[in-house]
Amino acid sequence: MPNPKRRHSVRRTSNRRAHDALSGVGLSECPSCHEKKLPHRACPHCGTYKGRAVLDVKEQK
């Protein structure tokens, strides 16, 4: 198995890792309560999905 002749420089390593950063989560707005939520999922704040109530949400004090 061949081994590397010499180590990679810091610049070369950094250039290779330049595209490894994570992107933010894509959030959408709930049409009924206007809170941020994940797309294609029921709203955790009001419990609606596509205009219908699908979750029972308890009121917070």
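Predicted model: local features only at pLDDT ≥ 70, side-chain atom pairs only at ≥ 80, totals over all residues.

**Glu-29 and His-34**

Let me begin with Glu-29, which, if we leave aside its neighbours within four places in sequence, is in contact with His-34 and Glu-35, where contact means heavy atoms within 4.5 Å. Residues are numbered from 1 along each chain as its sequence is written, and side-chain values use heavy atoms, with hydrogens and water left out.

Glu-29 lies in strand β1; helices (H or I, at least four residues) and strands (E, at least two) are DSSP runs, numbered from the N terminus. Is Glu-29 buried, exposed or partly exposed? Its relative accessible area is 47%, so Glu-29 is partly exposed, given that buried means under 20% relative accessible area, exposed over 50%, and partly exposed in between, with a 1.4 Å probe and protein chains only. Along the chain, Glu-29 and Arg-7 are 22 residues apart, and their C-alpha atoms are separated by 49 Å.

The side chains of Glu-29 and His-34 are joined by a polar contact of 2.8 Å, a term that stands for a pair of N or O atoms within 3.5 Å; within protein, one must be able to donate a hydrogen and the other to accept it, and residues adjacent in sequence count only if both atoms are side-chain atoms. His-34 itself sits in the loop between β1 (28–29) and β2, and it is exposed, because its relative accessible area is 54%. If you compare His-34 with Cys-46, you will find them twelve residues apart in sequence and 9.6 Å apart in space, C-alpha to C-alpha.

**Two positive phi angles**

Most residues other than glycine have a negative phi. Which value does His-34 show? His-34 has a positive phi of about 60°, although it is not a glycine, and Lys-50, also not a glycine, has a positive phi of about 55°. Lys-50 is placed in the loop between β3 and β4 (52–53), and with a relative accessible area of 71% it is exposed.

Lys-37 is buried yet has no salt bridge, and the nearest side chain of opposite charge, Glu-29, is 11 Å away. What does the side chain of Lys-37 reach? It reaches the backbone oxygen of Arg-41, at 3.2 Å. Not counting residues up to four places away in sequence, Lys-37 touches several residues, among them Leu-27, Cys-30 and Cys-43.

Thr-48, in strand β3, is buried, since its relative accessible area is 19%. Its side chain and that of Ser-32 are joined by a polar contact of 3.1 Å. Leaving aside neighbours within four places in sequence, the residues in contact with Thr-48 include Cys-30, Ala-42 and Val-54.

**A nonpolar patch**

My last stop is the surface, where Val-25, Leu-27 and Leu-38 make a nonpolar patch of about 280 Å². Patches are made of residues with over 30% relative accessible area and no salt bridge, in which like charges are joined within 9 Å and nonpolar side chains (Val, Leu, Ile, Met, Phe, Trp, Tyr) within 5 Å. The accessible areas come from the Shrake-Rupley method with a 1.4 Å probe, and for residues only the protein chains shown count as cover.

Where in the chain is Leu-38? Leu-38 lies in the loop between β2 (36–37) and β3 (48–49), and it is partly exposed, because its relative accessible area is 37%. Apart from its neighbours within four places in sequence, Leu-38 is in contact with Val-25, Gly-26, Leu-27 and Ser-28. Gly-26 belongs to the loop between α1 (10–16) and β1, and although Gly-26 and Leu-38 are twelve residues apart in sequence, they are 7.1 Å apart in space, C-alpha to C-alpha.

Technical notes. Salt bridge = Lys/Arg side-chain N within 4 Å of Asp/Glu carboxyl O. Lys, Arg positive; Asp, Glu negative; His and termini not counted.
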